[in-house]
Protein chains: 2
Amino acid sequence: MELTREIRLLKYDGESSSEAADIVVREYPLTIFLNGEKLVTLLCSPEALDFLVYGFLISENIIKDKKEITAINVNEEKGIANVFTTQQKNNITGSCSPAKEGLKIEAKKLIALMKEFSTASEVFQSTGGVHSAALSDGKDILIYHEDVGRHNALDKVLGEAFVNNVLFTDKLILTSGRISSEILTKAVKRGIPMVVSRSAPMDLALQIGEEMNTTIVGFVRGNRMNVYTGGSRILFDKP
Amino acid sequence: MELTREIRLLKYDGESSSEAADIVVREYPLTIFLNGEKLVTLLCSPEALDFLVYGFLISENIIKDKKEITAINVNEEKGIANVFTTQQKNNITGSCSPAKEGLKIEAKKLIALMKEFSTASEVFQSTGGVHSAALSDGKDILIYHEDVGRHNALDKVLGEAFVNNVLFTDKLILTSGRISSEILTKAVKRGIPMVVSRSAPMDLALQIGEEMNTTIVGFVRGNRMNVYTGGSRILFDKP
């Protein structure tokens, strides 16, 4: 399904207006049913919907292991995902523990990774309407997804990694959006030790980051960046 | 309560790192109880919480008239808002009808309004972490609020207008964030005929805008802007 739609509009340039064509990003409602009961409707970009479902289920502590899922059927046409699990209702409590050292990365390498990440989004460049998220091992970008919602973009990344049994504890997250407590918590739940953004972090995220020993890096722009918590994982040049 | 918090961080400038102080925006959890039952927890900026509660209640169709509310008590310290209404449970269905003409505005005036709006946010300029929303009559900015969430910022504006019996149908909304279907729907429910943003609109919002005769203007930057729907309310210079 297309991520964007072509539309007609009036462009005004300060002097006069003229008709033009442009593309806007699509918002697609996906309703997830869990064992026949409606769980949630997500407004998302219609791509990688299976990964989004997996990512949502693990982020919300609904499943912990792939074996708990007996079937996932995504009907893209109808905007419905049917998930069947072994249990009628799961009551998994989130078990967060402080992040292990996991990885170390040179500041310059992180800046290079963010540059690669920032130029990856063709949809953003054409519409300005999506967020991106990625998983990296500190060398390369391993998984990359976009979505109209920054939570969905991250859930797609986490879902794909989960499906493919990728180890989380030595990876880092790149995100285009602000680092809120909700975004940070998704990473912490998976044991990911580092979250990096070109945008701002928020204070509740920093509090969680300090408690859970997660590295939070914000405002990675040009050659600059701010390291808020967990600075021991960033290798700076000697002064 | 402070909207921001001072923190310590490491600033890296591409060559070396140094300790510095900076401020980050606070995320404050506010739990709304409706007649003693938990309704929702909003992550918001701790300011104008009463307006946020009113705005949330009208946006979610929980109340329609101020008279339905017998009491609202916001306990800022505990992060709790207790709302008591005349009915045990409301089942108001949203009654949206196409927007009336309401207002017309010159393109140049809209650009001037957006410039005024964009420079109003001191918190954004110091933290990069908040969204802004405003209500305007096409001449001045009448109500202005900021919040970590763009939905909350708009609900605060709508809530304050609602409390003060401001007529909605000849006003316009300015927002710093993208125009999603959820943002547009909040305006449509109040009968507001125009939503203007410096960011992108999304396609579901444009579909609703077309159906409801709402004017949607996006990418208002410098002297330029894109008019997506309801262009008859924008007065362009003669070519």
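**A helix in chain B**

A: Helix α1 of chain B (residues 49–59) is largely enclosed by the rest of the structure, because ten of its eleven residues are buried. Buried means under 20% relative accessible area, exposed over 50%, and partly exposed in between (1.4 Å probe, protein chains only). Helices (H or I, at least four residues) and strands (E, at least two) are DSSP runs, numbered from the N terminus.

Q: What kind of model is this, and how are residues, chains and atoms treated?

A: This is a predicted model, in which local features need pLDDT of at least 70 and side-chain atom pairs count only at pLDDT 80 or more, while totals for chains, interfaces and linings use all residues. Residues are numbered from 1 along each chain as its sequence is written, chains are lettered from A and ligands numbered from 1 in the order in which they are written, and side-chain values use heavy atoms, with hydrogens and water left out.

Q: Back to the helix: which residues of α1(B) are buried?

A: Among them are B:Leu49, B:Phe51, B:Leu52, B:Val53 and B:Tyr54. The list also includes B:Gly55, B:Phe56 and B:Ser59.

Q: And what follows α1(B)?

A: B:Asn61 follows α1(B), and its phi is positive, near 60 degrees. Most residues other than glycine have a negative phi.

Q: Where else is there a positive phi in a residue other than glycine?

A: A:Asn35 has one, near 50 degrees. A:Asn35 lies in the loop between β3 and β4 of chain A and counts as buried, at 17% relative accessibility. A:Phe219 also has a positive phi near 50 degrees. A:Phe219 belongs to strand β12 (residues 215–221) of chain A and counts as partly exposed, at 23% relative accessibility.

Q: What about the turn between β3(B) and β4(B)?

A: These two strands form a hairpin with two residues between them, and B:Asn35 in the turn has a positive phi of about 50 degrees. Strand β3 (residues 28–34) of chain B pairs with strand β4 (residues 37–44) of chain B in the antiparallel sense over seven bridges. Two strands pair if DSSP finds at least two bridges between them. B:Pro29 stands opposite B:Leu43 in β4(B).

Q: New topic, the sheets. What is the strand order in the open sheet of eight strands?

A: The order is β9(A)-β8(A)-β10(A)-β11(A)-β12(A)-β13(A)-β1(B)-β2(B), and the pairing is mixed. Its edge strands, each pairing on one side only, are β9 (141–147) of chain A and β2 (17–25) of chain B.

Q: How do β13 of chain A and β1 of chain B run, parallel or antiparallel?

A: Strand β13 (residues 224–229) of chain A and strand β1 (residues 4–12) of chain B run antiparallel and are joined by three bridges. A:Val227 stands opposite B:Leu10 in β1(B).

Q: Which strands make up the open sheet of four strands in chain A?

A: The order is β4-β3-β6-β5, again with mixed pairing. Strands β4 (37–44) and β5 (69–75) of chain A are the edges, each pairing on one side only. Within this sheet, β3 (residues 28–34) and β6 (residues 80–85) of chain A pair in the parallel sense over four bridges. The bridge partner of A:Ile32 in β6(A) is A:Ala81.

Q: How are chains A and B related?

A: A rotation of 180 degrees with 0.0 Å of shift along its axis superposes chain A on chain B, with an RMSD of 0.0 Å. The two copies are thus related as by a two-fold rotation axis. In chain A, the C-alpha nearest the axis is that of A:Gly177, 6.1 Å from it. Copies are superposed by least squares on the C-alpha atoms of residues with pLDDT of at least 70 in both.

Q: Now chain A by itself: how many helices and strands are there?

A: Chain A has six helices and 14 strands. Of its 239 residues, 54% count as buried.

Q: Last one: where is B:Asp140?

A: B:Asp140 is in the loop between β8 (131–136) and β9 (141–147) of chain B. At 45% relative accessibility, B:Asp140 counts as partly exposed. Not counting residues up to four places away in sequence, B:Asp140 touches B:Leu113 and B:Leu135, where contact means heavy atoms within 4.5 Å.
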